[in-house]
Amino acid sequence: MSRRKRNLRRVSLLVTAQTWYHLQELARMDGHHDPGVVVDKLTRERMLLFRRSGEEGRHGHS
């Protein structure tokens with residue numbers, strides 16, 4: 001990893017054993033060791049989906 005500044009925050013998540021297993025599997029399939037990267041990626045993708053659906057809803061109801 002580079003030494004550039006990153007906008008990171010440390011968080012703790014409480015998840016079920018099954019969710020933890022799935023996060024680890026997703027991280028492995030994506031080539032990462034850290035399930036935190038998967039959480040970040042899933043959150044980013046979900047927010048983009050919400051933003052797209054929100055824009056369509058506003059334009060469709062005018």
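Buried residues account for 6% of the 62 residues in the protein chain. The model is a predicted one. The chain holds two helices and zero strands. It exposes about 6300 Å², of which carbon and sulfur atoms supply 55%.

- Helix 1 spans residues 17–29, and helix 2 spans residues 35–60.
- Helix 1 has 13 residues and reaches 18 Å from its first C-alpha to its last, close to the 18 Å expected at 1.5 Å a residue.
- Just after helix 1, Gly31 adopts a positive phi of about 85°.
- In an α-helix there are 3.6 residues a turn, so residues three or four places apart point the same way.

**Leu26, in helix 1**

- Leu26 lies in helix 1.
- Its relative accessibility is 37%; because this falls between the 20% limit for buried and the 50% limit for exposed, Leu26 counts as partly exposed.
- Not counting residues up to four places away in sequence, Leu26 touches Val38 and Leu42.
- The C-alpha atoms of Leu26 and Val39 are 9.7 Å apart in space, and the two residues are 13 apart in sequence.

**Val39, in helix 2**

- Val39 is part of helix 2.
- Is Val39 buried, partly exposed or exposed? Val39 counts as partly exposed because its relative accessibility is 27%, and buried would require a value under 20%.
- Leaving aside neighbours within four places in sequence, Val39 makes contact with Leu13 and Leu23.

**Largest pocket**

- The largest pocket has a volume of about 810 Å³.
- It is lined by 18 residues, and the closest to its centre are Arg9, Val11, Asp34, Gly36 and Val37.
- Which elements give two or more residues to this lining? They are helix 1 and helix 2.
- Helix 2 provides the largest share of the lining, with six residues.
- By residue type, the lining of the largest pocket divides into 10 nonpolar, two polar and six charged residues.
- Rolling a probe the size of a water molecule over the atoms shows where empty space is left.

Methods
Residues numbered from 1 in each chain as written. Predicted model: local features only at pLDDT ≥ 70, side-chain atom pairs only at ≥ 80, totals over all residues. Heavy atoms only, no water. Helix = DSSP H or I, 4+ residues; strand = E, 2+ residues; numbered from the N terminus. Buried < 20%, exposed > 50% of the residue type's maximum accessible area, 1.4 Å probe, protein only. Contact = heavy atoms within 4.5 Å. 1 Å grid on protein atoms, 1.4 Å probe; cavity = no way out; pocket = protein on both sides within 12 Å on 5 of 7 lines; lining within 4 Å. Points joined across faces, edges and corners; volume = space filled by probe spheres on them. Nonpolar A, V, L, I, M, F, W, Y, C, P; charged D, E, K, R; others polar. Areas by Shrake-Rupley, 256 points an atom, 1.4 Å probe, with all protein chains shown as cover. Expected span 1.5 Å × (residues − 1).
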